[in-house]
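Biologist: Could you walk me through this complex? I'd like to begin with confidence and then go on to the interfaces.

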Amino acid sequence: MLTSRTFLKRTRAGAVRKIVREHYLRDDIGCGLGGCALCGGESRPALEARPGGAASSLCPGPHFLLPDTNLLLHQIDILEDPVITNVIILQTVLQEVRNRSAPVYKRIKDVINKQEKHFYSFTNEHHKDTYIEQEKGENSNDRNDRAIRVAVKWYSEHLQKLQMEEKVQIILLTNDRKNKEKAVEEGITAYTCEEYIKSLIANPELVDRLASLNDEGNEIETGRIIFAEHLPLSKLQQGIKSNLYLQGTFRANRENYLEATVWIHGDGEEKEIIIQGLRNLNRAVHEDIVAVELLPKAAWAAPSSVVLHDDENQNEDDVEQEEEKEKSLRTSSSNSMLRPTGRVVGIIKRNWRPFCGMLSKSQIKEARRHLFTPADRRIPRIRIETRQASTLEGQRIIVAIDGWPRNSRYPNGHFVKNLGAAGDKETETEVLLLEHDVPHQPFSQSVLSFLPKMPWSITDQDMKCREDLRHLCVCSVDPPGCTDIDDALHCRVLENGNLEVGVHIADVSHFIRPGNALDQESAKRGTTVYLCEKRIDMVPELLSSNLCSLRSNVDRLAFSCIWEMNHSAEILKTRFTKSVINSKASLTYAEAQMKIDSPSMNDDITTSLRGLNKLARILKKCRIDNGALTLSSPEVRFHMDSETHDPIDLQTKELKETNSMVEEFMLLANISVAQKIYDEFSEHALLRKHPAPPPSNYDILVKAAKSKGLEIKTDSAKALADSLDSAEFPSFPYLNTLLRILATRCMMQAVYFCSGMDNDFHHYGLASPIYTHFTSPIRRYADIIVHRLLAVAIGADCTYPDLTDKHKLADLCRNLNYRHKMAQYAQRASVAFHTQLFFKSKGVVNEEAYILFVRKNAIVVLIPKYGLEGTVFFEEKDKPKPTLLYNDEVPSLTVESTTFYTFDRVTVNIMLDASNVQHQKIRMALVEPKLVGTSVPSQATQLNSNNEPKKKKLKE
Amino acid sequence: MAGLELLSEQGFRLDGRRAGELRQLRARMGVFAQADGSAYLEQGNTKALAVVYGPHELRGSRGKAPHAQALVNCQYSMATFSTAERKRRPHGDRASAEMSLHLKQTFEAALLTRLFPRSQIDIYVQILQADGGNYCAAVNAATLALLDAGIPMRDYVCACSAGFLEDTALADLNYVEEAAGGPQLALALLPQAQHIALLELNARLHQDHLPRVLDAATQACRHLHALLDRVVREHLRDAAALLGK
Amino acid sequence: MAPARYCVPGERLCSLEEGTPGSGTYTHHGFIFASLAGCFMKKSENGMLPVVSVMRDVDSQLLPDVGATVTCKVCSINSRFAKVHILYVGSTPLKSPFRGTIRREDIRATEKDKVEVYKSFRPGDIVLAKVISLGDVQSNYLLTTAENELGVVVAHSEADVRMVPISWCEMQCPSTHAKELRKVARVQPEFLQT
């Protein structure tokens with residue numbers, strides 16, 4: 001049967017258009033019940049014939065639940081709970097959820113797909129008995145509510161007709177009072193979510209997961225209104241169009257909770273606006289899309305260099321203290337530092353997600369409302385209501401935000417899940433992975449089903465399309481303890497005197513075929529995450545450590561890139577081929593270096609290594625001449641105790657010549673492959689670029705170098721590399737390393753991109769016109785895609801539709817860049833956590849440090865021995881405040897009468913401050929230069945006697 | 001706001017059809033007494049009126065006429081009120097000219113033109129409401145009009161459009177689905193012999209998906225053939241009853 | 001009459017062994033298919049294969065074919081030819097007239113060069129003619145009246161009275177008794193309406 005739906009819609013230009021659409025009503029939509037005689041029985045029934053849900057005191061018999069839209073939006077956590085089953089989701093409700101909140105829609109779709117939850121999605125809009133038309137004078141919300149009631153009524157009549165032994169009820173769950181009244185009038189059983197959950201006999205803990213909602217009637221409760229009202233969406237859109245307001249992403253400041261920046265979405269260039277002060281922040285949360293109104297120029301402020309944290313023990317609702325702190329932000333600063341400042345007038349889109357953190361119990365006993373402090377410093381504290389406060393204390397929990405009313409200092413939320421004891425390594429790792437959105441669940445059955453069956457061996461079919469290179473003397477050089485060996489090298493002399501060099505990479509794309517569950521899971525993970533003691537694999541272990549890994553003395557499938565070079569490392573010929581290799585040795589960097597250095601060893605492997613080393617040196621020189629950058633970051637490795645897995649010692653990584661050798665050839669392979677796939681697929685090659693940083697990024701570096709009288713040129717990569725090389729201070733050798741470390745901080749992030757969607761291919765750091773990732777397919781998904789593209793280019797494989805779709809490729813790049821960034825943050829967080837564990841066991845230590853950055857009330861120092869960075873505060877709570885003078889042109893900080901400049905050497909005291917369990921801080925206090933009142937006497941007798949730079953006047 | 005969901009999880013499209021189902025088809029023959037043959041066809045909300053004159057003497061220059069065959073002259077036009085926004089130029093714009101050419105190609109393949117050398121057959125199609133599948137509705141309407149005019153044809157010409165979304169082939173796209181930007185295939189088929197008169201694809205489609213989409217379109221054309229057949233037979237019966245045979 | 005069997009274009013009627021194709025059908029790969037939508041007719045001839053055809057209530061347009069006798073009306077004449085509108089093909093009227101030409105040399109079978117068009121036809125005459133050619137790029141249908149049975153059938157005199165044929169080249173007006181020269185068709189006596 002056909003009806004038509006007519007409605008008026010407003011176009012973007014402001015015109016009104018009449019839309020007429022067909023609407024077919026069907027009679028073949030089933031009710032979802034298994035074995036339903038009236039509906040012809042579903043092939044895959046979703047609902048149980050005898051719903052065995054949670055027993056409830058309100059409805060003692062078996063029953064189905066039917067939630068309405070608001071319930072679905074706010075109480076999604078309850079619906080995801082395994083206790084709640086046999087729920088019918090109407091199409092009307094699902095469509096509304098889709099339009100209002102994409103994340104909730106995704107979650108409810110996942111729940112519906114889970115078989116054991118018995119959720120059924122009923123297409124009521126197209127069912128001939130449950131479709132209703134909008135009546136005159138009825139607005140769309142009322143119409144949807146009426147549609148829900150009609151559907152419930154149909155269901156109850158349908159269930160009556162079925163005449164089953166036990167009468168099954170259908171219950172409407174809604175929080176809307178009017179809807180509930182009307183439903184009861186029509187004879188439908190309806191309860192609010194609260195009533196129903198509270199009636200569940202066996203599951204009282206679900207009550208905790210109830211979201212706290214604003215009661216519709218009483219908006220103005222006790223307590224004054226702190227925040228300005230958010231403008232409605234239509235007004236915001238008008239304002240944005242007329243340039244009154246600006247739209248952008250809200251980024252909270254990690255160090256200062258009263259300040260944030262909004263990054264405006266402009267065409268191309270991005271503007272940043274500073275928001276300062278609680279009132280101006282107006283309840284915006286990190287990552288929300290907000291509308292900002294610019295304040296007049298007289299009210300513009302400079303980004304504060306103050307470090308401020310929302311203190312634990314502060315009284316909740318004390319707003320005056322906040323205002324005081326705000327005033328401290330607005331110190332007079334030079335006009336050049338002023339940036340556009342504004343205030344948030346409305347929220348366009350909320351981007352709330354569940355947050356990990358800890359409960360800070362309220363001082364009042366028996367109180368049910370507590371504050372929750374998230375692990376991520378950029379998120380404000382959340383007020384939750386729970387009865388299990390005492391059990392949850394000291395545990396890491398997950399909390400979701402429900403709303404932030406105008407009269408509340410903190411947003412309201414509800415408890416979702418308990419992860420485990422805080423400080424416990426397992427729990428902390430879990431928190432780390434959750435906060436960085438790293439998928440770390442074990443691989444599902446469907447993914448594992450695509451792995452090859454063991455015992456696996458190379459078949460004749462495989463051998464036919466591959467070159468047999470097993471006779472070559474191939475070897476691999478990797479860090480000690482490495483099980484996923486991606487790459488192997490070989491070098492030999494040819495008859496014509498030239499050298500043949502080969503890089504062989506594990507052929508992962510042979511095992512992971514496009515489109516299947518294994519491929520999708522790897523694409524979602526994007527990269528292997530290396531935490532200190534754990535490794536979250538991108539591909540299952542069978543592949544990563546066994547079948548794909550190029551272990552020694554076994555035949556393995558590989559993808560080879562073979563060059564013919566002359567003795568001056570000039571490439572004469574390049575070819576790519578799929579191959580079978582047999583690695584003769586898996587060496588560590590140290591072992592390889594020993595082989596090269598010892599004059600007695602002269603076997604094939606050693607000659608091969610020596611040849612590679614020689615060529616690598618020439619290649620590196622070439623690259624540096626072209627302007628490649630060699631920057632250093634303080635990389636640190638932990639030595640783990642084999643039993644407790646606690647860190648015994650920290651050690652900075654040392655770079656041997658063999659590291660550089662392997663690196664050179666990997667770079668060369670990546671560049672050759674990039675060129676080849678770009679030549680073949682100019683529209684869909686997956687490449688990697690490193691954009692040159694804007695000159696403003698280098699300001700810190702240039703200023704810091706100038707303070708030591710050195711000049712750093714930043715106009716080109718070569719200029720930068722050369723000036724870094726020549727920036728030597730004879731009496732201060734470590735200065736060069738420090739400058740390089742600072743330079744790393746100025747760099748932009750390298751990203752993956754699709755060649756058809758971008759024009760700029762240059763890789764700034766490597767000074768290469770084109771680059772991609774090819775050499776590590778076991779731990780990076782981008783390499784698998786590049787393998788597939790290269791295989792098509794050499795005719796060894798065929799394309800599949802998604803490979804040649806540049807929009808899908810661009811989406812994939814976006815995901816890979818995100819996962820890569822998150823993995824880096826997770827790795828850093830893991831290192832930080834283990835550092836804390838290490839210092840916990842060590843106690844208090846004195847070490848030498850160098851100042852990296854100078855701030856208004858603190859200095860940031862780097863301890864080279866541990867590669868550790870920390871902040872030394874000069875203001876302490878219970879001690880008198882010393883006079884601080886901050887000069888941000890130089891930059892320098894004068895405390896009392898001692899002035900600190902960047903790169904000054906100091907001695908600090910390191911210890912673990914475990915007062916805040918969640919953010920255990922490495923506390924550093926100044927030992928030398930001695931300052932009255934703030935310095936700490938040195939504990940150990942470690943005195944630094946190396947040559948000191950010309951020191952500024954010291955106060956004795 | 002999220003975009004429109006063209007294919008739901010349960011397999012229903014925006015208007016409630018499943019992937020392979022056609023829109024409602026209504027057709028009438030002999031609506032226009034003045035012409036030799038006429039037909040009015042509604043496919044969903046797309047309404048097309050086709051009128052046929054001929055075969056009659058060649059108008060215009062005799063130079064254009066093919067030797068020993070009839071000249072098939074098609075004109076396709078859309079009414080200014082047929083689209084959501086009023087069309088400025090109903091005749092002579094590129095799209096209409098292209099459609100006319102396509103119609104001409106299609107019918108030259110289906111009509112037995114060798115029976116009428118040196119003559120001309122005019123087919124005029126006017127789209128009164130455009131809601132996707134304009135070409136297909138035009139072809140179907142023209143087929144019925146030609147049948148009504150009694151011009152000998154090899155077979156019916158049934159046309160249907162098909163698209164590809166989320167790994168499923170959809171048949172008979174409406175305007176919203178066409179505007180979504182996915183690949184669209186228009187197929188004009190002679191159902192008895194399964195001969196393709198015209199196949200048009202715009203937007204890129206991977207080779208692996210083509211058989212499925214083509215299959216969906218062919219199935220749809222076959223269903224259409226059954227429907228049109230029913231209409232024609234009813235018309236013949238009514239006409240005979242009127243004449244008292 | 002037995003219930004008529006309707007058929008539609010593209011429907012396979014029978015094989016070539018069972019019948020011969022008639023009007024409204026075509027053959028393909030040894031089978032006869034319908035090409036019109038109408039009633040299916042099978043007329044069995046004595047001895048020969050039955051003729052299979054499809055009939056429509058409204059007969060479709062018939063085109064003038066080579067050798068067909070047509071009835072046309074003269075619209076203009078000049079010294080070389082006469083332009084006519086073809087109105088009937090055989091006895092079926094045409095919905096829209098076709099244009100034809102009768103050249104000077106095709107008017108009479110004998111003494112072709114001595115013919116004068118002015119003395120054979122006048123505008124407004126109804127003429128019976130036969131199609132000799134469909135024409136090419138330049139010309140329309142070419143007709144001829146070079147037979148005894150072909151020529152002027154109905155003509156009006158200058159006084160606008162229908163004239164009566166006297167001989168093969170003359171007609172006389174009954175009221176003014178004036179004679180006019182025409183190329184007259186010898187119509188069979190049974191067709192004359194007296």
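Biologist: Which elements of chain A have the lowest and the highest mean pLDDT?
Modeller: This is a predicted model, and among the elements of chain A the lowest mean pLDDT, 58, belongs to strand β26(A), residues 636-640, while the highest, 92, belongs to strand β21(A), residues 499-506.

Biologist: Where in chain A is the pLDDT below 50?
Modeller: One such stretch covers residues 214-222 of chain A, and beyond near neighbours in sequence this stretch has 6 contacts in the model. Residues 939-956 of chain A are also below 50, and that stretch has 25 contacts beyond near neighbours in sequence.

Biologist: And what is the mean pLDDT for chain A as a whole?
Modeller: The mean for chain A is 80, with 85% of its residues at 70 or more. For chain C the average is 84, and 92% of the residues score at least 70. For the complex, the predictor gives an ipTM of 0.86 and a pTM of 0.63.

Biologist: OK, interfaces. How much area do chain A and chain B bury between them?
Modeller: They bury about 2,100 Å² between them, and 45% of that lies on carbon and sulfur atoms. Glu22(A), Tyr24(A) and Arg26(A) supply 27% of the area that chain A buries against chain B, which is more than any other three residues. The contact itself takes 23 residues from chain A and 27 residues from chain B.

Biologist: How many salt bridges are there between chain A and chain B?
Modeller: The count between these two chains is 2 salt bridges. One of them joins Arg18(B) to Asp28(A), with the closest N and O atoms 3.2 Å apart. Across the interface of chain A and chain B there are also 6 residue pairs in polar contact, counting pairs with both residues at pLDDT 80 or more.

Biologist: Which elements give two or more residues to the side of chain A that touches chain B?
Modeller: Those elements are β2 (16-24), α3 (91-100) and α4 (102-113) of chain A. The largest share comes from β2(A), which gives 6 residues. By residue type, the side of chain A that touches chain B divides into 7 nonpolar, 9 polar and 7 charged residues.

Biologist: Now the other interface: how much area is buried between chain C and chain B?
Modeller: About 2,600 Å² is buried between chain C and chain B, with carbon and sulfur atoms giving 58% of it. That contact takes 29 residues from chain C and 32 residues from chain B.

Biologist: Which side chains meet in a salt bridge there?
Modeller: The side chains of Glu11(C) and Arg233(B) do, at 2.9 Å from N to O, and the count between chain C and chain B is 1 salt bridge. Across the interface of chain C and chain B there are 9 residue pairs in polar contact, again with both residues at pLDDT 80 or more.

Biologist: And which element gives the most to the side of chain C that touches chain B?
Modeller: The elements giving two or more residues are β1 (6-7) and β10 (92-103) of chain C, and β10(C) gives the most, with 5 residues. The residues on that side of chain C divide into 14 nonpolar, 9 polar and 6 charged.

Biologist: While we're on chain C, how do β4 and β5 run, parallel or antiparallel?
Modeller: Strand β4(C), residues 25-28, and strand β5(C), residues 31-34, run antiparallel and are joined by 4 bridges. Within that pairing, Tyr26(C) has Phe33(C) as its bridge partner in β5(C). The two strands form a hairpin with 2 residues between them, and His29(C) in the turn has a positive phi of about 55 degrees.

Biologist: Back to chain A: which residue other than glycine has a positive phi there?
Modeller: Asn243(A) is one, with phi near 60 degrees, and Asn243(A) lies in the loop between α8 (233-241) and β8 (245-252) of chain A.

Biologist: Which peptide bond is cis?
Modeller: The bond from Met454(A) to Pro455(A) is cis, with omega near -5 degrees. Pro455(A) is placed in the loop between α13 (445-448) and α14 (460-464) of chain A.

Key:
Residues are numbered from 1 along each chain as its sequence is written. Chains are lettered from A and ligands numbered from 1 in the order in which they are written. Side-chain values use heavy atoms; hydrogens and water are left out. Two strands pair if DSSP finds at least two bridges between them. Contact means heavy atoms within 4.5 Å. Buried area is the accessible area (1.4 Å probe) that two parts lose on being put together, summed over both. A salt bridge is a side-chain nitrogen of Lys or Arg within 4 Å of a carboxyl oxygen of Asp or Glu. A polar contact is a pair of N or O atoms within 3.5 Å; within protein, one must be able to donate a hydrogen and the other to accept it, and residues adjacent in sequence count only if both atoms are side-chain atoms. Ala, Val, Leu, Ile, Met, Phe, Trp, Tyr, Cys and Pro count as nonpolar, Asp, Glu, Lys and Arg as charged, and the others, Gly among them, as polar. pLDDT is the predictor's confidence in each residue, from 0 to 100.
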